[in-house]
Amino acid sequence: MESLHGLVDLRTAAQLLAAAAALYILIEHLSYHRKKGALPGPPLVVPFLGSAAHMVRDPARFWEVQAARASKSGAGLAADFLIGRFMVFIRDSELSHRVFANVRSDAFVLIGHPFGKKLFGDHNFIYLSGDDHKDLRRRMAPNFTPRAFATYAAIQQRVILSHLRRWLDRSAANGGKAMPIRVPCRQMNLDTSQTVFAGPYLTKEARERFEEDYNLFNVGLTALPVDLPGFAFRRARQSVPRLVRVLDRCARDSKARMRAGGEPECLVDYWMQETVREIDEAKEAGLLPPAHTDDGELGSFLFDMLFAAQDASTSSLCWAVSALDSHPDVLARVRAEVASLWSPESGEPITAEKIAEMKYTKAVALEVVRHRPPATLVPHIATKEFQLTEWYTIPKGAIVLPSVYESSFQGFPDPDAFDPERFFSEARREDVVYKRNFLAFGAGPHQCVGQRYALNHLVLFMALFVSVVDFRRDRTEGCDEPLYVPTIVPRDGCAVYLKQRCARFPSF
């Protein structure tokens, strides 16, 4: 009899559990449709997960579907559901501008990733807004002066050339076979970023540990956000504090060196030179140190900048190589312009003044970024309800995703064509005429603070690469289809045949 009662209790519990699950699914669906309103989107969503599996399995197709829904409906918007969160995809450039212009505590918070707060932690540059954000950007201003850029350019060229030498040696050792350059580009950019940002403060051992943890972080960005042991997302989240600790030691050591009167050798030095002065002035006045000058916070901000510089730049370098190979007329003009200003045999680096004269090469860089924006989406969260259009209000808590990729193909004449003339021609000036559609670096108060550095890096890479390397793309079917890793890169990893072009490889 007792066993019978136990069986009845189990059945009752199972029925109650099933009823609770059904009620949860019903409430979730009703909530989704209430928030979706007239927006296009899937009529049914998988409970809790929503479309997350599709997004992780084939992100390129997933975002194509979102864009197609938004375009076909004429609304410029689409809705979906991801891991318990309602999502709004924005294709229309003007609606994206509305989001970018309203990053503040009572509208939108920039998160950098749909589950960014869990990954990046709380002390993160992108989460700041208002006066706090303005003050930090003011403190960063010394990092982006002409003097600072001249320092960075010399470092960038040394690192780029050392890696190009390795690429050529590896290609020769492999019998001249085609070599995918995405991973080598990424390694080069990590080396460049570490050297430009942290300079002498990162030891060889610290760099090796940093690379291991950064790889864990990168893998976790595109994994399912399961914060449990053994999952890539958990490993990525755990790697961030270790990365930040390495960088906060760099900030501390730089402060000590700048306080002792040292000359800036890297980005953190330019930053800390002014920061130390403000800290010391506050101390003399009997005040607390200024906001955002703590080593731990500075380490977090440095990590944000390194993350922004790393994979986005890798994406742009790969697309630049692919575009130059596809357009021999563009490649010839870049080579001619660079050769008129600098020679590999000169034994000297390209000066900041000569970089500024490479106007056509810069136009190519801008077109690379327009044609293939590295970070295709800029995730935000709505902190309150926000009326985006006359007929649609974004609900509180929604993940809001302006697509800078889609904006790049709006307004511009023949947008699918790779055409640097749109930025080089004085008659066309499409960078001005269609400025509101060029959103690769964002817009509003959170527009990318390092965009000039990013463009300079791309210009320098192209100038050096086309001067010292003869290259040919190993073109196969679908090789240039975008692959999300998490920025977009050519699907084949940008495989190229390489051989030395110049008589004497530069060294300085």
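1. Aromatic cluster. In this predicted model, ring pairs connect F144, F149, Y152, F197, Y270 and Y453 into a cluster. The structure as a whole holds 24 aromatic pairs. A pair of aromatic rings is described by two quantities, the distance of the centres and the angle of the planes; both are quoted in the next two points.

2. A pair between a helix and a strand. W63 and F89 form a stacked aromatic pair, with 6.0 Å from centre to centre and 25° between the planes. This pair links distant parts of the chain, since W63 belongs to helix α3 and F89 to strand β2, 26 residues apart. Both W63 and F89 are buried.

3. The ring centres of F461 and F465 are 5.2 Å apart and their planes meet at 20°; because planes under 30 degrees apart count as stacked, the pair is stacked. F461 and F465 both lie in helix α19 (residues 451-468), where four residues, about one turn of the helix, separate them. Each of F461 and F465 is buried.

4. Charges over rings. Two arginines deserve a place beside the ring pairs. R165 lies over the face of F505, 4.7 Å from the ring centre. R333 lies over the face of Y360, at 4.0 Å from the ring centre.

5. In soluble globular proteins, nonpolar side chains tend to be buried together. Here the largest nonpolar core has 135 residues, and those with the most contacts inside it are L164, W167, W271 and F461. Helix α12 (residues 295-326) gives the most to this core, namely 14 residues. A second, separate core comprises 20 residues, including F81, F86, V99 and I394.

6. The surroundings of W167. Leaving aside residues up to four places away in sequence, W167 touches M179, I181, P184, C185, M188, F461, F465 and L498.

7. Strands of a sheet pair through backbone hydrogen bonds, either parallel or antiparallel. In this model, five strands form an open sheet in the order β1-β2-β8-β5-β3, with mixed pairing. Strands β1 (77-82) and β3 (108-110) are the edges, and each pairs on one side only. From one strand to the next, the twist averages 30°.

8. Pairing of β2. Which strands run parallel, and which antiparallel? Strand β2 (residues 85-90) is joined by four bridges to strand β8 (residues 399-402), and these two run parallel. In this region, I90 stands opposite P402 of β8. Six bridges join β1 to β2, and here the strands run antiparallel. The bridge partner of A78 in β2 is F89, the residue whose ring stacks with W63. Strands β1 and β2 form a hairpin with two residues between them, and I83 in the turn has a positive phi of about 45°.

9. Helix α3 (residues 59-73) lies across β1, β2 and β8, and runs at about 145° to β1. Helix α4 (residues 93-100) packs on the sheet as well, touching β1, β2, β3, β5 (380-382) and β8. The direction of helix α4 makes about 125° with that of β8.

Conventions. Residues are numbered from 1 along each chain as its sequence is written. This is a predicted model: local features need pLDDT of at least 70, side-chain atom pairs count only at pLDDT 80 or more; totals for chains, interfaces and linings use all residues. Side-chain values use heavy atoms; hydrogens and water are left out. A nonpolar core is a set of buried Ala, Val, Leu, Ile, Met, Phe, Trp, Tyr and Cys residues joined through side-chain atoms within 4.5 Å. Buried means under 20% relative accessible area, exposed over 50%, partly exposed in between (1.4 Å probe, protein chains only). Contact means heavy atoms within 4.5 Å. Two strands pair if DSSP finds at least two bridges between them. Axes are lines fitted to C-alpha atoms, for helices over the stretch in contact, and angles run from 0 to 180 degrees between N-to-C directions. Rings of Phe, Tyr and Trp (its six-membered ring) pair if their centres lie within 6.5 Å; planes under 30 degrees apart count as stacked, over 60 as edge-to-face and the rest as tilted. A charge sits over a ring if NZ of Lys or CZ of Arg is within 6 Å of the ring centre and within 35 degrees of the ring normal.
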